[in-house]
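Dear colleague,

I am handing over the structure below, together with an account of what was found in it. Please read the notes with the model open beside them.

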Amino acid sequence: MLSKIRSLGLTGIAGYEVTAECFLSSGLPGFDIVGLPDAAVKEARERVRAAVKNCGMKFPVSRITVNLAPADRKKEGTVYDLPMFLGILSASGQINPIPEEYAFFGELSLSGELRPVRGALPMAIAAGKAGIKKLYIPTENASEAAFAPGIEVCPVKSAAELLECLAGELDIKPAQPPEILHDTISSFDFADVKGQETVKRALEVAAAGGHNILLVGPPGAGKSMLAKRLPGILPDMTAEEIISSTEIHSVAGMTGHDNPIVNVRPFRSPHHTVSPAAMTGGTGNPKPGEISLAHNGVLFLDELPEFHKDTLEALRQPLEDGEITVSRARYTVTFPSRFMLVCAMNPCKCGWYGQPGKICTCTERSVKNYQSRISGPLLDRIDMIIEVPALNFEELSSRTDAEPSAEIKKRVNSARGIQRRRFGESSTECNAQMGPKELKEYCPLDRAGRDIMELAYSKMGLTARSYDRILRVARTIADLAGEEKISPSHLAEAIQYRTYDFQNS
């Protein structure tokens, strides 16, 4: 007999429908799985065999062939255990035929318990698009998958429980998505940072417009401390951002029953020894890298010059396009990667070049070699370059309370609200993402503004890309001030954020 059970699979972070076709025929007993299965899928034979027997059912003594269609796409993981289990029982006549509008996925233990799998949300979304009405999955995946629109997600603890439900002996209620709460409590608060008011202002501007920023200063000036407090002032995530970030983290295996969704903007801080493949994603099995895990959040690169050159240069295209396409011999996968790049570095190897009262042990040549590890094209993609000076004694010993992150976040949320209303239904979400057409429409300059930009362009040796980035930052500064037009003062502040001289710091 032949049975067909609908299921789901993953390619990158996108789900697609898979049909488990089970055929029982005469001949020597055997259990074959076809349809480009990997090792984990092939090992399902033993898990399914044990689960069938431990659920009180009879494993058929027949030649069993399971085809995972479409057969030309690589099948990976343990998601097909449950549909194969049901397909064998249905084909052998031990259970009634499965309704076509039902779908299943999940890993089976030898005892028949269901274990969670990766990628539940993107697969549930794909199930809804495929017209599936009910999706039966492991209980630990249910809260996450319940965010998929247009589909009932039924949590199942064990194969025995599922068989009772399909027989009409048990009613499993669909899972409800948990309430989305924006976490405003953070252990890292700007109130803890003494001094550095100019740097705080720059980070506020960067957060309000989604701009890339580089912090340059001596050791102990507070670069990492400031960067770690940036997530506390970033705007609240929209529903679309929550879904897209959760899909990525789900595929990476970073969601679960206790944390089913990503409702706080990601903050990724990879070590400087990270490889290009780990940064961009891919390898032999298509998984999102650090830049995709930072999607809708922050990618913080501390000690920027210490990163491998190939790793840094791999960031150039994603910074422009907001996505990364990983091409290998067997597949091509596109991962979203729209993130804020926040970097920190010392001015030289010892860290004290150009610092008053400090002795730098580096030669001029070594200073230039150290700074040249960051290429011009990468620097050109950074909107703001800020000097973080060492604190003096008065600032360090001051007992004056600094402004807390909650107050800064209110201004950032207000500025982002202006930007969302401005861009409407377009794909542009913040000022940092504006294209040429939007720059022309929303960043017009008066005569005084054009004179300032003309002078800056000639004196600072700006490129067309850096010219546009100054306009984007100026637009954000105007939004923070609640002003419709970009004034000369807004332009002057934006230009100031690109005046750091690496050679003469």
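Of the contacts in the protein chain with a separation of 6 or more, what percentage do residues 24 or more positions apart account for? The figure is 73%, where a contact means heavy atoms within 4.5 Å.

Before the details, please note that this is a predicted model, in which local features need pLDDT of at least 70 and side-chain atom pairs count only at pLDDT 80 or more, while totals for chains, interfaces and linings use all residues. Residues are numbered from 1 along each chain as its sequence is written, and side-chain values use heavy atoms, with hydrogens and water left out.

Overall picture

The protein chain has 21 helices and 18 strands, these being DSSP runs numbered from the N terminus (H or I over at least four residues for helices, E over at least two for strands). Taken along the principal axes, the C-alpha atoms fill a box of roughly 85 × 45 × 45 Å. Of the 505 residues, 52% count as buried, a term that stands for under 20% relative accessible area, with exposed set at over 50% and partly exposed in between (1.4 Å probe, protein chains only).

Aromatic rings

Rings of Phe, Tyr and Trp (its six-membered ring) are taken as a pair if their centres lie within 6.5 Å, and the pair is stacked with planes under 30 degrees apart, edge-to-face over 60 and tilted for the rest. By this rule there are six aromatic pairs. One of them is the stacked pair of Phe104 and Tyr136, with 5.3 Å centre to centre and 15° between the planes. This pair links distant parts of the chain, since Phe104 belongs to strand β5 (residues 102-104) and Tyr136 to strand β8 (residues 134-138), 32 residues apart. Both Phe104 and Tyr136 are buried. Tyr457 and Tyr467 have ring centres 6.1 Å apart and planes at 80°, so theirs is an edge-to-face pair. Tyr457 lies in helix α19 (residues 447-460) and Tyr467 in helix α20 (residues 464-480), so the pair ties together parts ten residues apart in sequence. Tyr457 is partly exposed, at a relative accessible area of 39%, and Tyr467 is partly exposed too, at 27%. Ring pairs also join Tyr102, Phe104 and Tyr136 into a cluster.

A charge is said to sit over a ring if NZ of Lys or CZ of Arg is within 6 Å of the ring centre and within 35 degrees of the ring normal. Arg73 lies over the face of Tyr16, 3.7 Å from the ring centre, and Arg422 lies over the face of Phe423, at 5.7 Å.

Helix packing

For the helix pairs, axes are lines fitted to C-alpha atoms over the stretch in contact, and angles run from 0 to 180 degrees between N-to-C directions. The axes of helix α3 (residues 81-91) and helix α6 (residues 159-166) come within 12 Å and cross at roughly 50°. That makes α3 oblique to α6, given that angles under 35 degrees count as roughly parallel, over 145 as roughly antiparallel, 65 to 115 as roughly perpendicular and the rest as oblique. On the α3 side the contact is made by Leu82, Phe85, Leu86 and Leu89, and on the α6 side by Ala159, Leu162, Leu163 and Leu166. Eleven of the eleven residues of α3 are buried, so this helix is largely enclosed by the rest of the structure. Just after α3, Gly93 takes a positive phi of about 80°.

In a second pair, the axes of helix α4 (residues 120-129) and helix α9 (residues 239-251) come within 7 Å and cross at roughly 120°, which makes α4 oblique to α9. Here Ala120, Leu121, Pro122 and Ile125 of α4 meet Ile243, Thr246, Glu247, Ser250 and Val251 of α9.

Backbone points to check

A cis peptide bond, with omega at about 5°, joins Ala69 and Pro70, and Pro70 is found in the loop between β4 (63-69) and α3. Leu36 is not a glycine, yet has a positive phi of about 60°; its place is the loop between β3 (30-34) and α1 (39-42), and at 43% relative accessibility Leu36 counts as partly exposed. Asn296, also a residue other than glycine, has a positive phi near 70°. Asn296 is found in the loop between α11 (290-293) and β14 (298-301) and, at 8% relative accessibility, counts as buried.

With best regards
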